[in-house]
Amino acid sequence: MPILRIYYRVIALLAPEKALAIMLAIANLSLAGVSFLEPWLFGHVVDALAGKSHKDAWNFIGWWAVVGFAGVAASVWVSLYADRLAHRRRLAAIAQFFEHSIGLPLSFHGQHHTGRLLRIMHIGSSNLFSLWLGFFRDHLTTVLSILVMVPIALHMNWKLALLMIILMVSFAVSNAIAMRRTHKAQGEVEQLHHQISERVGDVFGNVMVVQSFSRISAEVAEIKQMVRRVLTAQYPVLRGWAWLSVANRAASTLTIVAIFALGTQLNGNGEVSVGTIVSFVGFATMLIGRMEQFAGFISTLFFQTHSLSDFFAVLDTPAVLQQEPGAADLPQQVRGEVVFDDVSFKYEVSHPALKHLSFRVPAGGTAAIVGPTGAGKTTALSLLYRAYDPSAGRITIDGIDIRSVSLQSLREHIAVVFQDPGLFYRSIADNLRIGKPDATDEELQAAAEAADAHNFIIVKPDGYATLVAERGRSLSGGERQRLSIARAMLKDAPILILDEATSALDNATEARIQRALNRLTKNRTTFVIAHRLSTVRNADIILVLKDGELVEQGRYDELIAMGGLFAELDGQGKFVADAEDSEDADLSGESGETKEREPAES
Ligand SMILES: Nc1ncnc2c1ncn2[C@@H]1O[C@H](COP(=O)(O)OP(=O)(O)OP(=O)(O)O)[C@@H](O)[C@H]1O
Ligand SMILES: [Mg+2]
């Protein structure tokens with residue numbers, strides 16, 4: 001994105017408070033005007049006094065006082081409101097960035113590490129902040145002063161003024177050259193910074209692995225190596241801009257000397273008086289100061305463009321999974337008949353994950369999905385709540401294409417127990433309330449009891465208020481799964497997806513939960529990826545996936561009779577007998593009940 005376009009977009013973000021922003025800009029310009037008026041009034045007072053016209057002098061002094069106080073009032077107002085406005089818009093930009101990016105498709109998040117996104121958000125918004133403040137305080141006045149001062153200089157003496165114009169052109173050309181030469185390199189620097197943030201974020205997120213594999217020194221060495229790469233890329237850019245500022249300075253000095261030299265010559269010819277030379281030099285110094293200020297602004301903007309364009313690139317990423325304009329909601333009373341009609345899907349980076357899937361699950365029925373690991377079971381179900389859209393084919397609920405209804409209403413009707421239960425860095429209660437924000441404490445407890453989670457929660461230091469560590473790290477695998485089940489139970493949606501929901505539980509715990517799950521799945525369309533014989537045996541339809549293809553479908557007896565892949569899996573004992581809820585297990589309490597187990601069908 002070209003630098004001016006970025007600047008334009010930065011200023012355009014002030015649009016929601018346009019009136020205030022314009023008033024601030026005008027107030028600032030008037031302040032710049034005051035700084036011109038004061039010397040002018042001063043001159044007139046002196047002239048009036050010299051001409052013994054005391055009345056005029058008082059007049060001008062009166063005006064001077066008015067102008068002076070107006071200036072003070074304006075500057076107080078500007079400094080109060082400009083800062084507040086910039087802070088407000090900065091936080092609004094953060095909120096806007098957050099809102100937009102969490103709605104972006106999972107494919108976007110697959111390509112953008114959270115470390116990178118966080119950096120883009122923070123650096124981008126601070127750059128916005130500093131540019132807005134600069135806009136109110138300096139940029140406009142600087143540009144306007146230059147625009148006003150050049151004609152005045154030309155009016156004073158065009159030959160001397162020409163030297164100033166040459167200086168301006170040289171500033172512009174050298175800035176343009178520096179920018180062109182270093183733009184790409186600065187982009188690489190920015191990318192390297194992103195990589196450091198990704199790496200650091202990733203290591204923090206996996207600190208247990210890092211420590212247990214004694215990777216601390218290796219990870220530190222890697223970061224240091226990356227830091228060295230940043231510096232290697234950054235130095236040439238800094239060198240370029242250092243040379244530029246030296247060149248600018250030298251050109252300014254040369255210009256002043258040249259003005260004196262030309263002035264001397266013109267004075268020799270009798271074209272200008274000494275007074276003119278002196279006042280012109282005074283004026284030129286002011287103008288050069290402004291030009292240097294402008295060059296400084298361009299260089300700041302240059303160093304911020306990449307992070308700003310990354311910020312805007314995220315905001316510009318379209319939510320591909322857009323709902324159709326004015327999409328209606330799914331009817332409140334969903335029966336829950338689900339049909340996959342020739343559905344194919346491919347993750348951007350891999351071979352086709354699903355090929356021509358067609359099946360129908362009757363309303364209120366249970367579909368068991370089985371198949372080897374990596375067959376596409378999780379992927380197939382993620383299409384149902386539109387984590388992704390199929391590349392071909394369509395999915396309907398009660399005959400309605402899920403792409404034609406609002407995302408919000410679709411997802412309200414589906415509760416998922418994920419294979420990898422994502423938990424938030426919030427209290428246990430807040431984690432459960434993800435399923436139902438307005439759940440009462442009693443509802444929370446009832447769901448936790450059904451998912452056999454209540455007992456382990458109440459022995460935690462703060463009970464339901466206990467903070468869960470990032471990614472649920474402070475809980476055992478089985479505890480995480482039980483919170484995830486309770487959360488889905490609370491949601492009470494007509495369609496339920498259970499993806500290896502009980503794979504990390506021991507027999508006794510699983511048996512206890514199974515009863516609650518059986519109650520839950522009654523009259524609810526349920527998709528279950530499971531390893532229990534009873535689950536597959538009782539399912540209304542078993543879908544057998546292999547390499548993304550639906551190789552068999554039918555009821556248990558039919559598939560066994562067919563003697564295909566399912567019969568083979570069954571014959572290999574891939575489906576385990578029902579868990580038993582023994583007295584012993586009940587007495588054994590929490591310890592040891594959450595041993596991790598490989599999903600049986602993998
Ligand atoms: N986010 C992703 N991006 C790219 N490829 C993916 C992604 N998620 C899964 N895959 C790939 O898609 C294929 C199907 O994965 P999926 O998770 O659906 O398998 P699964 O049948 O649920 O396996 P498991 O029994 O191990 O859970 C695999 O080859 C996997 O590597
Ligand atoms: Mg899976």
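The angle between two helices is taken here between the N-to-C directions of axes fitted to C-alpha atoms over the stretch in contact, and runs from 0 to 180 degrees. On that basis, in this predicted model, helix α1 (residues 3-12) packs against helix α9 (residues 274-316) at an angle of about 65 degrees. The axes of α1 and α9 lie 10 Å apart, and the crossing of α1 over α9 is left-handed.

| Helix | Residues in the contact |
|---|---|
| α1 | Ile3, Ile6, Tyr7, Arg9, Val10 |
| α9 | Leu301, Phe302, Thr305, Leu308, Ser309, Phe312 |

By class, the contact of α1 with α9 comprises 8 nonpolar, 2 polar and 1 charged residues. An α-helix has 3.6 residues a turn, so residues three or four places apart point the same way.

Helix α9 itself contains 43 residues. From its first C-alpha to its last, α9 reaches 59 Å, close to the 63 Å expected at 1.5 Å a residue. At Thr305, α9 bends by about 45 degrees; Thr305 is also one of the α9 residues that meet α1.

Attention now turns to the ligand. The shell around ligand 1 consists of 16 residues, of which Tyr347, Thr373, Lys377, Thr378 and Thr379 come nearest. Helix α10 (residues 377-384) supplies the largest share of this shell, 3 residues. Divided by class, the shell around ligand 1 holds 5 nonpolar, 10 polar and 1 charged residues.

Technical notes: Residues numbered from 1 in each chain as written. Chains lettered and ligands numbered in written order. Predicted model: local features only at pLDDT ≥ 70, side-chain atom pairs only at ≥ 80, totals over all residues. Near = placed C-beta within 6 Å. Helix = DSSP H or I, 4+ residues; strand = E, 2+ residues; numbered from the N terminus. Nonpolar A, V, L, I, M, F, W, Y, C, P; charged D, E, K, R; others polar. Left-handed = near helix turned anticlockwise from the far one by under 90°. Contact = placed C-beta atoms within 7 Å. Expected span 1.5 Å × (residues − 1). Bend = angle between axes of the 7 residues up to and from the residue.
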